[in-house]
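Reader: Please take me closely through one part of this model, the chain-to-chain contact and its salt bridges, with the cut-offs behind each term.

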Amino acid sequence: MTDSKYFTTTKKGEIFELKSELNSDKKEKKKEAVKKVIASMTVGKDVSALFPDVVNCMQTDNLELKKLVYLYLMNYAKSQPDMAIMAVNTFVKDLPTYQLVKDCEDSNPLIRALAVRTMGCIRVDKITEYLCEPLRKCLKDEDPYVRKTAAVCVAKLYDISPSMVEDQGFLDQLKDLLSDSNPMVVANAVAALSEINEASVSGHPLVEMNAPTINKLLTALNECTEWGQVFILDALSNYSPRDAREAHSVCERITPRLAHANAAVVLSAVKVLMKLMEMLSDETELVGTLSRKLAPPLVTLLSAEPEVQYVALRNINLVVQKRPDILKHEMKVFFVKYNDPIYVKLEKLDIMIRLASQANIAQVLGELKEYATEVDVDFVRKAVRAIGRCAIKVEPSAERCVSTLLELIQTKVNYVVQEAIVVIKDIFRKYPNKYESIISTLCENLDTLDEPEARASMVWIVGEYAERIDNADELLDSFLEGFHDENAQVQLQLLTAVVKLFLKRPADTQELVQHVLSLATQDSDNPDLRDRGFIYWRLLSTDPAAAKEVVLADKPLISEETDLLEPTLLDELICHISSLASVYHKPPTAFVEGRGAGVRKSLPARGTVSEDTQPQLQTVIPNQESLIGDLLSMDIGGPPAPAAPAAPASNLDLLAGGLDVLLGGPEPAATATTATGSATGLLGDIFGAVPPASYVPPKQCWLPADKGKGLEIWGTFTRQNGQMRMEMTFTNKAMQAMSGFAIQLNKNSFGVFPGGALAVGALAPGAAADAPLALAAAGPVQRMDPLNNLQVAVKNNIDVFYFACLIPAHILFTEDGQLDKRVFLTTWKEIPAANEVQHTISNVLGTADSIAQKMTLNNIFTIAKRNVEGQDMLYQSLKLTNNIWVLLELKLQPGNPEATLSLKSRTVEVATCIFQAYEAIIKS
Amino acid sequence: MIHSLFIINPSGDVFLEKHWRSVIPRSVCDYYLEAQRASPNDVPPVLAAPHHYLISIQRGGVALVAVSKQEVAPLFVIEFLHRVVDTFQDYFSDCTETIIKENYVVVYELLDEMLDNGFPLATESNILKELIKPPNILRTIANTVTGKSNVSSILPSGQLSNVPWRRSGVKYANNEAYFDVIEEVDAIIDKSGATVSAEIQGYIDCCIKLSGMPDLTLTFVNPRLFDDVSFHPCVRFKRWESERILSFIPPDGNFRLMSYHIGSQSVVAIPIYVRHNLTLRNNGDQGRLDLTVGPKQTMGRTLENVALEICMPKCVLNCSLTANQGKYSYDPVSKVLLWDIGRIELPKLPNIRGSVSVASGADTSGANPSINVHFTIPQLAVSGLRVSRLDMYGAKYKPFKGVKYVTKAGKFHVRM
């Protein structure tokens, strides 16, 4: 007797058959019929037509039948929330409600819980209203089983109607459950609250954790189920203890969770501990103990199922970057087993490179060599790259790494050779003039290279060492034959390599360089290539000496660990260990205050995540994709300053313009504020007449007329009386009238959005109008680069125009940014030294007092002033609109035009824009 | 949290779906199926679809794909999915497509009982079994006759007690407590026979049939051996920390009391060696293979169920070998050579040798096969772990006690 019998159909039609069975008098037959309905539902058949008949079966005291009917009800309440079917007639609509409400009062707790569970799944407003009363009762039910079910029901209700949950006071009841005597109830209440916090519309957590609550949670932690422990630990990870002592005690109470059999519990505990360890100073004994205790459970996770291993490895990757000491002796467990799934292999390899050190390098290299002969191509490639990384990371091993790579090149396995050449290029950069003897071996393999990256690397090597390769010109010439079939990356490299060759051996390569320049500038559609071609051309024709300085400049050293995550991102991800963010190594989208209270967990950026599903795409060797950018900045980015003055003045503009375009760098606010030009001067006068309370940078041209189809926009940002504004001037330089102006701001780092509509009417040809726009700062947040970048779209009757401008940071300083002296002092001490940034401002005029006054006008508050050894120290604080506190120390020396500024904040990314703002204000 | 669950068979059909929140169309599984097509055996466990996250496990030929719309802890989901499969295996003795299809209604009831709104509700097998009785023929017949159902109408006692893992009122005529100490040796041995890495993954599985509420204490001779331990929730962690003994009220029946890990700090004994010689080019087109297996550091115990599995390089067409013990087979399609040896009786050492035919002109360089070794050694815990005594409090009867040790090969590789 199995359930497959439920799928046998008869000729009359299933639905008809079932209908008559459901209405049968016999209980047994009824039950069988409902089972058939459920079975059909499971495989996705539509049995909604039977709704009235099934619901009729609800009035029963047979629990199994009741459960089955509820199952059916829940399923359709979800798939058809409008309940079109429920509205068949009033009787049918009311019946479930009536029965549910009645069941909520049943003497059997199992039935009460079942009813309250089902209730939460019915997503119809009218019915939901009915259910408030029973839910309230169930939250206070004498039976903990009912209470814990009801707690979850509140979360369900919040999903349907947040306002109802808030209005009816369910949140408070839920909070009360946090102190319930039963640990399972507490766990469910925590889970429900976390979910509500996450879904909360305002973005702010609705319930803040405080020390007594945390204490209760810690007590419940020991007694509740494994899943409850996960919920509680996750909630604990959002709590910041007041001081190191509290952190210490929380740590001690959590440590036993590391020995839990459930991997999810272990990883959640790791998260809390990693976070709290930050609060303890590194010297304390506990940090050492914890570091020792963290290693074994992490290692044990690697003997679990491959899926668990994968998630664990992604998280270990973060742990290793944050605290390399924890696993430094555990290298062996990351050795790859040949039947590991590929996604585990690649992750293990990644961690092996991170753990590689002088002590274990021999072992690691032996392993990597072994892997390089395996079957899986992706894995082999990564192993070869890893050897290169080791060479760069552990200097004493470089020699062995290079010889290993050479051995691998001898195997002539095509993809191994190509990977090896790519990494050897990096090794050359790291250790110049050391291993060039192997170039001849590399050149032997020139013909077998068919991947753009390997070809580009080879071309780079040939160009860089042209003077040592006798037939460099022949080699490069052979590449030029198929120039247009090459990948853009290779084309760019070829261009640079030939120019290098020419500069080194001008005598016999003139023809070659002319050939490549004409290929690049005349026959190519690629703007990057054309621009670079033109620049080289111009450089070579005007001043070969400058060209030499530019093209053959010293390269910036390649760093040892370019694949490391950015420290702030890493810190944020540490707070998200065990979550999806930790698997993708992507931050939750929002730009939120470091790891202060109430870190909002949100999903990684949706659009970009999908590319990263293959773990092998991200991470490891730095300059694969950035090769072009890298070389570009190396060739021209660094030295144009010395080179430019040598060039004739007429070329200067073109060159500078070209460089800017190429580098694509943002125009820093500093240059903008000092920008000269008649227009700015004029506008500046207007403001000069009435000195504004706070500093207003001069207007800049945001949208030139030629890009705006005749519309020119000049603008700046102001902050007056706590109101941020965009002051814009629209000028119509076209021949026709413009109207229908509207403005929109893209999501940005600070959540700035228009606080009103744009007040510009029609604009006749030649007319100009001022367009002030009030701004508010609680909009959607997206991290921009640079941080204060703001993308604006302006629409009129002609078209939509896009431009970007930089928000001067000082308009984001709020009026309530003054810290109490004591708070300032403790906060300054609390923020780790890693979060301190220094900056020197030159050409500072005025005394400490006048500067302090100027600062106050801009909401930078001076907390204290002190004179130390003839230097004036100003301690200042400010707060950004997104509640980031920034503490500063400004050191002034009378007579010295240079001032030193030290900044401390939990979110140091803001430093750059604050420094810019400081400079601008001081010099205003 | 978990929004929906889809169960997919090897041919890519979704044959069961369950939604705990709003319904997510099953087309979301296409992202999984796509990844599966790309690499059938290596589907990454976490996949991102435009609006959902898919977290999957593969077991017993079926894939369980959990779908979530929000941030969720992937391990939490993975652990839960494994628990679902464990429960199915517990109920139906297996977890295959046919069995799930045969028990749709119970499966559906179970899933509903295990998760509410995406939050785990009851996953302890003893609680579930009280709520929903596992199907068996006898009960089905009895139910048909008496009109009873397999759904309990009373709240399971364990659900909320301090010992949720144990039901109350357990009664046995024969009270027994058996402990199996199982150790798996994971090792990588390099070409020359040196140990690259070796670790022990150990488990203590119990079968406890004791009446009432017994409180047990298990003591080890050498508890300092463990590098890392993880316990069943029933173990009192405090006592372990302070006294290094396992004190617990056991669940009823079979369960894993503890798993442990030994290796990073201590030296692990390798109980077997393989002498191997494989030459793919040997003047003609015939290569040669010669393998000998023998015991090493077994502390006088016998190696049993020894089997070697070698995934040969692609260029190997066939093998013609003679073994002095056991049977061998070679699958020319998957290139797997399997040599089933059985028990190693000293002084005779099992040996297999013969010729390997290699595709002419094939590239034989850069292909280093690995030998996957299986073995078991009864009556030995290779780490040297020993249970010293088991005490019982809280019950008056005298139970029958037993401890069994066994060592097995885990992921034991020998590189050639």
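Author: Chain B has seven helices and 23 strands, where helices (H or I, at least four residues) and strands (E, at least two) are DSSP runs numbered from the N terminus. The model is predicted, so local features need pLDDT of at least 70 and side-chain atom pairs count only at pLDDT 80 or more, while totals for chains, interfaces and linings use all residues. Residues are numbered from 1 along each chain as its sequence is written, chains are lettered from A and ligands numbered from 1 in the order in which they are written, and side-chain values use heavy atoms, with hydrogens and water left out.

Of the 416 residues in chain B, 56% are buried, that is, under 20% relative accessible area, with exposed meaning over 50% and partly exposed in between (1.4 Å probe, protein chains only).

Turning to the contact itself (heavy atoms within 4.5 Å), chain A contributes 96 residues and chain B contributes 97 residues. The area buried between chain A and chain B is about 8,500 Å², with carbon and sulfur atoms giving 59%; this is the accessible area (1.4 Å probe) that two parts lose on being put together, summed over both.

Between chain A and chain B there are ten salt bridges, each being a side-chain nitrogen of Lys or Arg within 4 Å of a carboxyl oxygen of Asp or Glu. One salt bridge joins the side chains of K156(A) and D116(B), at 2.8 Å from N to O. On the side of chain A that touches chain B, the largest share, nine residues, comes from helix α4 (residues 63–79) of chain A. That side of chain A has 50 nonpolar, 22 polar and 24 charged residues, with Ala, Val, Leu, Ile, Met, Phe, Trp, Tyr, Cys and Pro taken as nonpolar, Asp, Glu, Lys and Arg as charged, and the others, Gly among them, as polar.

K156(A) and D116(B) also belong to a network of salt bridges that links them with K67(A), R117(A), K18(B), D112(B) and E113(B).

Within chain B, R236(B) forms a salt bridge with D215(B), the closest N and O atoms being 3.0 Å apart. Because R236(B) lies in the loop between β11 (228–231) and α7 (237–243) of chain B and D215(B) in strand β10 (residues 215–220) of chain B, the pair ties together parts that are 21 residues apart in sequence. R236(B), at 31% relative accessibility, counts as partly exposed.
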